[in-house]
Amino acid sequence: GFTDLVRATEDLTPGQTESVELISKRGRELLALIETILDASRVEARLLTLSREQVKVTDLFQEALAKGRDLGGDGDVEVVAEVVDGVPDLEVDRLRLTRALATIIGHALRSSERAYVRMRAAPSRAGGARIDVEVPSTRLTARELAGMLDPNPNPGEREHRGLALGLSFARAIIELHGGTVNVTDRGQKGSVFTVRLPVSSAS
């Protein structure tokens, strides 16, 4: 809030503008992490109730990308997003599903070994939507990424605890929507997260 106020009321030098933008980005990143931790606690205590509304997948993509970039570190990685014609609107908790997808996008951006990350939404064969997020990195195998989605792992086997918390939360939110998330190995190209969401499901 203070950074927005400074930018609106002060005549800043280019160096000051860059510093204020960095502070603002770090603040958004910290807020996203705090929100994730709080919601993860609610999921674990079974106290999280979804607030559903009809959402266009294009809108969901845009909002998830904005949050995902905040979580994606300082790397200059482009996101190439595609929404195939015919993807139906979804009845979802817009805020929490956006946050879950942003967590997956943020991981892909942080670990990318290429200059871009691809995202794609298409109609699912079972109805609803299928969302693919590439992870163009060979640092972690698909099996290791899938292990991070597990909400009840062996603590001694978890090396990336912060990342794993976010990914396990993302899986919990997707499953609360009646959906699934899986990881597929693409060899030297890395891995891909595949999220499948129904048009709607009972809360």
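The contact (heavy atoms within 4.5 Å) involves, among others, L60, A64, L65 and L71 of α3 and L97, L101, I105 and L109 of α4. By class I get nine nonpolar, four polar and six charged residues for α3 with α4. Here Ala, Val, Leu, Ile, Met, Phe, Trp, Tyr, Cys and Pro count as nonpolar, Asp, Glu, Lys and Arg as charged, and the others, Gly among them, as polar.

I note that this is a predicted model, in which local features need pLDDT of at least 70 and side-chain atom pairs count only at pLDDT 80 or more, while totals for chains, interfaces and linings use all residues. Residues are numbered from 1 along each chain as its sequence is written, and side-chain values use heavy atoms, with hydrogens and water left out.

**Axes**

Two packed helices are described by the angle between their axes and the distance between the axes. Axes are lines fitted to C-alpha atoms, for helices over the stretch in contact, with angles from 0 to 180 degrees between N-to-C directions. For α3 (residues 57-71) and α4 (residues 94-111) I read axes that come within 7 Å and cross at roughly 50°. That makes α3 oblique to α4 (under 35 degrees is roughly parallel, over 145 roughly antiparallel, 65 to 115 roughly perpendicular, the rest oblique). Helices (H or I, at least four residues) and strands (E, at least two) are DSSP runs, numbered from the N terminus.

I then checked α2 against α3: the axes come within 8 Å and cross at roughly 105°. This makes α2 roughly perpendicular to α3. K25, R28, E29, A32, L33 and E35 of α2 meet K67, R69, D70 and L71 of α3. The class count for this contact is three nonpolar, no polar and seven charged residues.

**Helix α2**

I find 31 residues in α2 (residues 14-44), reaching 45 Å from first C-alpha to last, close to the expected 45 Å (1.5 Å times one less than the number of residues). Its buried residues include V20, K25, E29 and A32 (buried is under 20% relative accessible area, exposed over 50%, partly exposed in between; 1.4 Å probe, protein chains only). Just after α2, R46 takes a positive phi of about 60°.

**Single residues**

S191 lies in strand β7 (residues 191-197) and is buried, at 2% relative accessible area. I list V133, L140, L145 and V183 among the residues that S191 touches.

D150 sits in the loop between α5 (142-148) and α6 (161-176) and is partly exposed, at 29%. D150 and A172 are 22 residues apart in sequence and 9.2 Å apart in space, C-alpha to C-alpha.

Methods: Lists of a residue's contacts leave out its neighbours within four places in sequence.
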